[in-house]
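Work through the exercises below with the structure open. Each task is followed by a stepwise solution.

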Amino acid sequence: MAGSARQHPDVILVEVQPGEGFGFTYLSVADFDVAADHFLLPAVKYAALDPHDAEQRRTVAYDFLWRYFNKPHAKGYFRENVRWIAAAAVREKFLEEGKVGAMPRVIVISRKAGDGGIAIRPGGEYLDHPGFPLAVVVGKPAGGGGQAHFFARREDWERVGQSAPTQDVWLPQIIYRLYSETPSVVMGMPKTGKDGDMAVECLALAFGQKAKLVERV
């Protein structure tokens with residue numbers, strides 16, 4: 001339900017470069033905590049920090065998040081450990097909100113306009129559903145999400161959707177050809193069809209809000 005208590009986010013969207021990044025899904029509090037602890041517990045131990053000190057945990061989570069944003073293609077950063085770092089940074093950022101069941105359903109991590117810093121904020125715009133996908137994620141919720149493409153304006157979405165697919169950008173074009181209207185996040189994964197041909201399995205996320213998914217005719 002849209003108004004129920006929330007102790008974990010449904011999605012963390014990491015826009016590390018304009019229009020590009022990751023969309024990570026978390027299906028439960030346990031899933032979210034396991035992801036955060038995969039990164040945070042070894043990092044705190046390695047740095048000889050106090051695991052019970054919230055400020056020290058937050059500092060190390062933010063530090064590694066900044067390292068990733070500074071060099072996102074550096075050796076050692078891959079989908080799974082970025083998912084862990086994102087979960088740790090968000091959990092520490094919204095620690096008090098999580099305790100009282102007020103964790104935002106969608107959280108956005110991106111560069112701040114102007115000073116180049118990093119903002120971790122509730123993604124309220126993803127609950128408004130403008131009719132086109134603000135994020136297209138290659139993955140599925142049960143798999144934790146994956147690579148994402150972001151679209152701030154309908155014009156950006158239509159331009160990419162109408163373009164020829166490439167090896168790096170192909171899911172937005174498929175979704176554009178399938179649907180004239182969507183919720184704000186659409187996920188998709190390749191699958192093998194009944195006759196052996198490749199197909200795509202799509203899932204739109206509405207986050208408990210009213211949203212339309214309209215097929216093209």
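The model is predicted.

**Exercise 1. The packing of α1 against α2**

Task: Determine how α1 and α2 are oriented, and list the residues through which α1 and α2 meet.

Solution. 
Step 1. The axes of α1 and α2 come within 10 Å and cross at roughly 110°.
Step 2. Angles of 65 to 115 degrees count as roughly perpendicular. α1 is therefore roughly perpendicular to α2.
Step 3. From α1, the contact takes Phe39, Leu40, Ala43 and Val44. From α2, it takes Arg57, Val60, Ala61 and Phe64.
Step 4. Sort the contact residues of α1 and α2 by class: seven are nonpolar, none is polar and one is charged.

**Exercise 2. The packing of α5 against α6**

Task: Carry out the analysis for α5 and α6: what is their crossing angle, and which residues meet?

Solution. 
Step 1. Helix α5 covers residues 154–161 and helix α6 covers residues 171–178. Their axes come within 8 Å and cross at roughly 100°.
Step 2. α5 and α6 are therefore roughly perpendicular to each other.
Step 3. Trp157, Glu158, Val160 and Gly161 form the α5 side of the contact. Pro172, Gln173, Ile175, Tyr176 and Arg177 form the α6 side.
Step 4. The class count for α5 with α6 is five nonpolar, two polar and two charged residues.

**Exercise 3. Salt bridges**

Task: Find the salt-bridge partners of Asp10, and state how far apart in sequence the parts tied by Asp10 and Arg105 are.

Solution. 
Step 1. Side chains of opposite charge can pair when their charged atoms come close.
Step 2. Asp10 forms a salt bridge with Arg6, with the closest N and O atoms 2.2 Å apart. Asp10 also bridges to Arg105, where the closest N and O atoms are 2.8 Å apart.
Step 3. Asp10 lies in the segment before β1 (11–17), and Arg105 in the loop between α4 (95–99) and β3 (106–111). The pair therefore ties together parts that are 95 residues apart in sequence.
Step 4. Asp10 counts as buried at 15% relative accessibility. Arg6 is buried at 13%. Arg105 is buried at 16%.
Step 5. Now take Glu80 and Arg79. Their salt bridge has its closest N and O atoms 2.2 Å apart. Glu80 is partly exposed, at 25% relative accessible area. Arg79 counts as partly exposed, also at 25%.
Step 6. Look for a network. Salt bridges link Asp33, Asp37, Arg57, Arg91 and Glu92.
Step 7. Over the whole structure, the search finds 14 salt bridges.

**Exercise 4. The surroundings of Thr182**

Task: Which residues does Thr182 contact, leaving aside neighbours within four places in sequence?

Solution. 
Step 1. Thr182 is in the loop between β7 (179–181) and β8 (185–192).
Step 2. At 3% relative accessibility, Thr182 counts as buried.
Step 3. With those neighbours left aside, Thr182 touches Gly131, Phe132, Pro133, Ile175, Lys212 and Leu213.

**Exercise 5. The whole chain**

Task: How many helices and strands does the protein have, and how does its radius of gyration compare with the globule rule?

Solution. 
Step 1. The protein has six helices and 10 strands.
Step 2. Its radius of gyration is 18 Å, close to the 17 Å that the globule rule gives for 217 residues. The protein is therefore as compact as a globular protein of that length.
Step 3. Along the principal axes, the C-alpha atoms fill a box of roughly 60 × 40 × 40 Å.
Step 4. Of the 217 residues, 44% count as buried.
Step 5. Consider contacts with a separation of 6 or more: residues 24 or more positions apart account for 58% of them.

Technical notes:
Residues numbered from 1 in each chain as written. Predicted model: local features only at pLDDT ≥ 70, side-chain atom pairs only at ≥ 80, totals over all residues. Heavy atoms only, no water. Axes fitted to C-alpha atoms, helices over the stretch in contact; angles between N-to-C directions. Helix = DSSP H or I, 4+ residues; strand = E, 2+ residues; numbered from the N terminus. Parallel < 35°, antiparallel > 145°, perpendicular 65-115°, else oblique. Contact = heavy atoms within 4.5 Å. Nonpolar A, V, L, I, M, F, W, Y, C, P; charged D, E, K, R; others polar. Salt bridge = Lys/Arg side-chain N within 4 Å of Asp/Glu carboxyl O. Buried < 20%, exposed > 50% of the residue type's maximum accessible area, 1.4 Å probe, protein only. Rg over C-alpha atoms; globule rule 2.2 N^0.38 Å.
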